[in-house]
Amino acid sequence: MNVPIKTSDEIEKMREAGRQAALVLEMLTPHVQAGTSTGKLDRLCYDFIVNELGSTPAPLDYHGFPKSICTSINHVVCHGIPDDAKKLKKGDIMNIDITVKTSDGYHGDSSMMFIVGETIQGERLCRVTQECLYQSIAAVKPGARLSDLARVIETHAEANGYSVVRDFCGHGIGAGFHEDPQILHYNGYAPEADIELAAGMCFTIEPMINVGDYRTKVLRDGWTAVTKDKSLSAQWEHTLLVTATGVEVLTARADEDLSFLDG
Ligand code: MF3
Ligand code: CO
Ligand code: CO
């Protein structure tokens with residue numbers, strides 16, 4: 001496996017890509033409301049990424065994906081396709097996944113959950129899934145193994161009665177949208193794939209956690225992945241850089257409390 005180590009010049013470009021992905025999610029947040037369509041959110045992102053940031057939405061035309069962002073509501077696990085006819089309702093939970101490709105050619109990939117109105121089950125799932133992401137980020141440092149990250153996620157999800165999706169994973173990222181290594185969120189590594197982290201690696205962690213069973217299926221549109229048992233699913237994603245002493249969250253949002261990483 002060829003896991004790229006970024007040069008300091010590439011790291012600067014990754015920082016900019018990550019910053020831009022975070023800006024898109026911040027821009028979008030006030031627009032996520034009951035009655036808004038996912039098609040409208042997609043157009044807001046396209047316009048912002050192209051006209052304000054001077055970058056490209058990486059999902060658009062990626063292996064034929066038809067839109068600029070992924071919008072995954074309730075039992076949709078990932079890769080939901082924005083649609084003008086799909087309006088948000090109170091009680092929905094939704095993941096929005098943004099990937100920006102800068103004019104320098106580097107990618108920033110991040111996703112977060114939005115809770116529309118009130119849902120006790122949904123809020124708990126979203127919180128525990130974010131904790132899975134944060135606890136695994138805290139385990140990133142040179143010398144840690146990929147399986148260490150997976151174990152943290154699986155342990156926390158299962159302690160809360162949830163399951164970890166196996167059919168989709170995180171990934172290395174840089175000039176390529178999806179680079180080596182694969183980042184599994186459950187303990188499924190072949191020994192040779194369970195590499196040690198080293199400073200200069202960039203990758204995403206993006207756990208998908210289900211209230212019910214971990215199994216998924218893809219709908220006939222060829223993209224939308226849903227839970228087989230129709231249970232709720234949540235996901236949070238950041239793009240990360242392994243530093244000499246730990247980790248830098250390249251897609252951190254301005255309002256996000258990452259103080260758990262200090263000391
Ligand atoms: N952003 C997703 C990820 O986290 C990938 C979306 S690919 C698309 O890797 F084609 F569905 F957009
Ligand atoms: Co990703
Ligand atoms: Co993503």
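Predicted model: local features only at pLDDT ≥ 70, side-chain atom pairs only at ≥ 80, totals over all residues.
1. The metal pair. A distance of 3.3 Å separates the cobalt ion (ligand 3) from the cobalt ion (ligand 2), and aspartate 109 coordinates both. The pair ties together distant parts of the chain: aspartate 97 belongs to strand β4, whereas glutamate 237 sits in the loop between β13 (233–235) and β14, 140 residues apart.

2. Surroundings of ligand 1. This ligand is surrounded by 14 residues, the closest being Pro59, His171, His178, Glu206 and Glu237.

3. Polar contacts of ligand 1. A polar side-chain atom of glutamate 206 is 2.7 Å from an oxygen atom of the ligand. On the nitrogen side, aspartate 97 places a polar side-chain atom 3.1 Å from a nitrogen atom of ligand 1, and for threonine 99 a side-chain N or O atom lies 3.2 Å from a ligand nitrogen.

4. Helix α1. Residues 8–28 form this helix of 21 residues, which spans 31 Å between its first and last C-alpha, close to the expected 30 Å. Its buried residues include Ile11, Met14, Val24, Leu25 and Leu28. The buried residues of α1 pack against α2 (38–52), β4 (93–101), β5 (107–115), β9 (202–205) and β14 (238–242); β4 is the strand that holds aspartate 97.

Technical notes:
Residues numbered from 1 in each chain as written. Chains lettered and ligands numbered in written order. Heavy atoms only, no water. Helix = DSSP H or I, 4+ residues; strand = E, 2+ residues; numbered from the N terminus. Expected span 1.5 Å × (residues − 1). Buried < 20%, exposed > 50% of the residue type's maximum accessible area, 1.4 Å probe, protein only. Contact = heavy atoms within 4.5 Å. Donors = N, O, S within 2.8 Å, 3.2 Å for Na, K, Ca; no water. Near = heavy atom within 4 Å. Polar contact = N/O pair within 3.5 Å; in protein donor to acceptor, adjacent residues only side chain to side chain.
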